[in-house]
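Trainee: I should like to go through this entry with you, beginning with the terms that strand pairing requires.

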Amino acid sequence: LIRAVRFPTHTTPCGQPSELLEQIAGRLHDYVDLPDESLRLVANYVLGTWLVDCLPVAPYLSVFGPTGSGKTTLLKLLQCLCRRPLLLGDISGASLYRLVTFLKLTLLIDESDFENTVRSRELQRLLRAGNTPGESVARNGQLFDLYGCKVIASRQPLQDVALGTRAIHIAMSPSRRNLQPLHPISADLIAEELQPKLLMFR
């Protein structure tokens, strides 16, 4: 788990928050095709993950769009930018309360098209509980704190109304621009450039 999560190793000057937001939005624009308003929302969401323990609610981000719209690329970018990010292709309820409690991670959940199953309903209920600080979940005689930032990527908008009201919604569609691919080396360079600034911002 420690190897799967990015941690900055030092700080560098971050400038004014507006400058940092512009840098984040610029990196996002290089690899995903989003309107300027959505880029600003996602950039502000990134900053929010670095201050989540100081906020009255944990910001959620719902990213949805058809296959090929760049959702996974956006999640990989957020893995470079958010505080303590963990990118997951799937997650169960049991994993959710253990992972969030352990390191206060920013969970990036890909391919999370919730179905009408007991497992999906349980996961959505737990996600709803993780938006407000101070609410614990009891499991097997233990208390787990699910509070923290989460990104939920799916092909359709969130169908759970209560969960949807907790999220910033970003609609994506296949790009008309010739976007460069996000290679692992490029992702590492983005993280090495901005994570130290984001830690200084915190």
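Mentor: Two strands pair if DSSP finds at least two bridges between them. Strands (E, at least two residues) and helices (H or I, at least four residues) are DSSP runs, numbered from the N terminus. As for provenance, this is a predicted model, in which local features need pLDDT of at least 70 and side-chain atom pairs count only at pLDDT 80 or more, while totals for chains, interfaces and linings use all residues. Residues are numbered from 1 along each chain as its sequence is written, and side-chain values use heavy atoms, leaving out hydrogens and water.

Trainee: Which residue stands opposite Lys-150 in E6, then?

Mentor: Tyr-60 does. Tyr-60 opens strand E1 (residues 60-64), which runs parallel to E6 over five bridges.

Trainee: In what order do the strands of the open sheet come?

Mentor: The order is E2-E3-E6-E1-E7, five strands with parallel pairing. E2 (85-88) and E7 (167-171) are the edge strands; each has a single partner strand, so one side of each lacks a neighbour in the sheet. From one strand to the next, the twist averages 15 degrees; axes here are lines fitted to C-alpha atoms (for helices, over the stretch in contact), and angles run from 0 to 180 degrees between N-to-C directions.

Trainee: Which strands does H2 touch where it packs on the sheet?

Mentor: H2 touches E1, E3, E6 and E7, and its direction makes about 140 degrees with that of E7. Contact means heavy atoms within 4.5 Å.

Trainee: Is E6 mostly covered or uncovered?

Mentor: Strand E6 (residues 150-154) is mostly covered, with five of its five residues buried. Buried means under 20% relative accessible area, exposed over 50% and partly exposed in between, with a 1.4 Å probe and protein chains only. On one side of E6 lie Lys-150, Ile-152 and Ser-154, and on the other Val-151 and Ala-153.

Trainee: Back to H2: what span should it have, and how far apart are its ends?

Mentor: The expected span is 1.5 Å times one less than the number of residues. For the 14 residues of H2 (residues 36-49) that gives 20 Å, and the end C-alpha atoms are 20 Å apart, which agrees. Among the buried residues of H2 are Leu-39, Val-42, Ala-43, Val-46 and Leu-47.

Trainee: How many residues does the largest nonpolar core have?

Mentor: It has 53 residues, and those with the most contacts inside it are Ile-24, Leu-28, Leu-74 and Leu-78. Such a core is a set of buried Ala, Val, Leu, Ile, Met, Phe, Trp, Tyr and Cys residues joined through side-chain atoms within 4.5 Å. Not counting residues up to four places away in sequence, Ile-24 touches Ala-43, Val-46, Leu-47, Leu-81, Leu-194 and Leu-198.

Trainee: At what angle do H3 and H7 cross?

Mentor: The axes of H3 (residues 71-81) and H7 (residues 184-201) cross at roughly 45 degrees and come within 7 Å. That makes H3 oblique to H7; angles under 35 degrees count as roughly parallel, over 145 as roughly antiparallel, 65 to 115 as roughly perpendicular and the rest as oblique. Leu-77 and Leu-81 are among the H3 residues at this contact, and Ile-190 and Leu-194 among those of H7.

Trainee: Which residues does Tyr-31 contact beyond its sequence neighbours?

Mentor: Leaving aside neighbours within four places, its contacts include Thr-73, Leu-77, Pro-181 and Ile-190. Tyr-31 is in helix H1 (residues 17-31) and counts as buried, at 10% relative accessibility.

Trainee: A change of topic: which residue in the E4-E5 turn has a positive phi?

Mentor: Asn-140, at about 55 degrees, in a hairpin with two residues between the strands. E4 (residues 136-139) and E5 (residues 142-145) pair in the antiparallel sense over four bridges, and Arg-139 has Gln-142 as its bridge partner. Arg-84 has a positive phi too, about 50 degrees, although it is not a glycine. Most residues other than glycine have a negative phi. Arg-84 sits in the loop between H3 and E2 and is partly exposed, with a relative accessible area of 26%.
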